[in-house]
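Subject: Structure handover

Hi,

Here is the structure I promised to pass on. My notes on it follow below.

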Amino acid sequence: MSPLRVLVTGAAGQIGYSLVLQIAKGDVFGKDTPLVLVLLDIPPMATVLEGVQFELQDCALANLQGVECVTTEKEAFTDIDYAFLVGAMPRKEGMERKDLLAANVKIFKSQGKALAEYAKPTTKVLVVGNPANTNAYICAKYAASKIPARNFSAMTRLDHNRAIAQLAIKAGVGIGEVKNVIIWGNHSSTQFPDVKHAVIAKGELSIVTTSTKNKLIQTRREVGSVLVGGKHR
């Protein structure tokens, strides 16, 4: 079995650094699936990438058949099977996700073109860099000549999870007892958590008053800025 080529962009950053070990030890593709990790970051981070490479090699993982550190899109995207697009301008305190678009649109436009030029037509792509769904749309648009839009996913599951968690806390039940919550809109402060069809195992959803809905919307919108600002510490 040929190893999967799995790309992680921004691999020298905090999220990328945490993600690569999960992939390498089989949590994503299975512990018996051979793979080669391709780690991409900007040239000034090349030394940090090498450090990540050394740490992965020190783990001596049987399924990890190689770790490649690269700083160009051609090297990164050539013949990959999966791409985790983590690298992007980080959100800073006081910023809305829409403020990230000016810089990040250039990144994901370029990476979309690189996917079209160098990757396989079967490549699957997960966009993590914020605003994730907008960046996924941009990337898919510029990769469309080779890779279908259905191969792209955005990590907006985070917002869905937040909405479920807030309802579970309010109802005093476990996360697994909340079903059918929907989120609408962009991954930003305009997003709307829809609890109209939500079901809680305890029974009636009487806890969802207008006040609760407003609090849920406000909390879901503000959690990101709280985390970025370090106010949770």
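E1, helix H1 (residues 14-24) and E2 make up a β-α-β unit, and the unit is right-handed. Right-handed here means that, with the strands pointing away from the viewer, the path from the first strand over the helix to the second runs clockwise. Helices (H or I, at least four residues) and strands (E, at least two) are DSSP runs, numbered from the N terminus.

Before the rest, the ground rules. This is a predicted model, in which local features need pLDDT of at least 70 and side-chain atom pairs count only at pLDDT 80 or more, while totals for chains, interfaces and linings use all residues. Residues are numbered from 1 along each chain as its sequence is written, and side-chain values use heavy atoms, with hydrogens and water left out.

Buried means under 20% relative accessible area, exposed means over 50%, and partly exposed is in between (1.4 Å probe, protein chains only). In a regular strand, side chains alternate between the two faces of the sheet. Both faces of E1 are covered: Leu4, Val6 and Val8 on one side, Arg5, Leu7 and Thr9 on the other.

E1 runs parallel to E2 (residues 35-40), with 6 bridges between them. Two strands count as paired if DSSP finds at least two bridges between them. E1 also pairs with E4, again parallel, over 4 bridges. Val8 has a partner in each: Leu39 in E2 and Phe84 in E4.

**E4, E5 and E6**

E4 and E5 are parallel too, with 4 bridges. There, Leu85 is opposite Val127 of E5. E5 then pairs with E6 in the parallel sense over 3 bridges. Leu126 is opposite Ser153 of E6. From E5 the chain crosses through H5 to E6, and this β-α-β crossover is right-handed.

Which face of E5 is covered, and which is uncovered? Val125 and Val127 make the covered face; Lys124 and Leu126 make the uncovered one.

**Helix H5**

H5 has 12 residues, 132-143. The expected span is 1.5 Å times one less than the number of residues. That gives 16 Å for H5, and its end C-alpha atoms are 16 Å apart, so the two agree. Its buried residues are Ala132, Thr134, Asn135, Ala136, Ile138, Cys139, Ala140 and Ala143. The buried residues of H5 pack against strand E4 (82-85), helix H4 (101-118), strand E5 (124-127) and strand E6 (152-154).

**Nonpolar cores**

A nonpolar core is a set of buried Ala, Val, Leu, Ile, Met, Phe, Trp, Tyr and Cys residues joined through side-chain atoms within 4.5 Å. The largest has 22 residues. Those with the most contacts inside it are Leu7, Phe77, Ile80, Leu85, Leu115, Val125 and Phe152. E2, helix H3 (73-77), E4, H4, E5 and H5 each give two or more residues to this core. H5 gives the most, with 5 residues.

Leu115 is worth a look. Leaving aside residues up to four places away in sequence, Leu115 touches Phe77, Ile80, Thr123, Val125, Cys139, Ala143, Lys146, Ile147 and Phe152. Contact means heavy atoms within 4.5 Å. A second, separate core has 20 residues, including Leu37, Val52, Leu64 and Val86.

**Aromatic pairs**

There are 2 aromatic pairs in the structure. Rings of Phe, Tyr and Trp (its six-membered ring) pair if their centres lie within 6.5 Å; planes under 30 degrees apart count as stacked, over 60 as edge-to-face and the rest as tilted.

Phe29 and Tyr82 are tilted, at 4.6 Å centre to centre and 50 degrees between the planes. Phe29 is in the loop between H1 and E2 and Tyr82 in strand E4, 53 residues apart. Tyr82 is partly exposed, with a relative accessible area of 26%.

Phe29 and Phe84 are edge-to-face, at 6.4 Å centre to centre and 80 degrees between the planes. Phe84 lies in strand E4, so this pair ties together parts that are 55 residues apart in sequence. Phe29 and Phe84 are both buried. Phe29, Tyr82 and Phe84 form one aromatic cluster.

**Positive phi**

Ala60 is not a glycine, yet its phi is positive, about 50 degrees. Ala60 sits in the loop between helix H2 (46-58) and strand E3 (64-70). Ala60 is exposed, with a relative accessible area of 65%.

Best wishes
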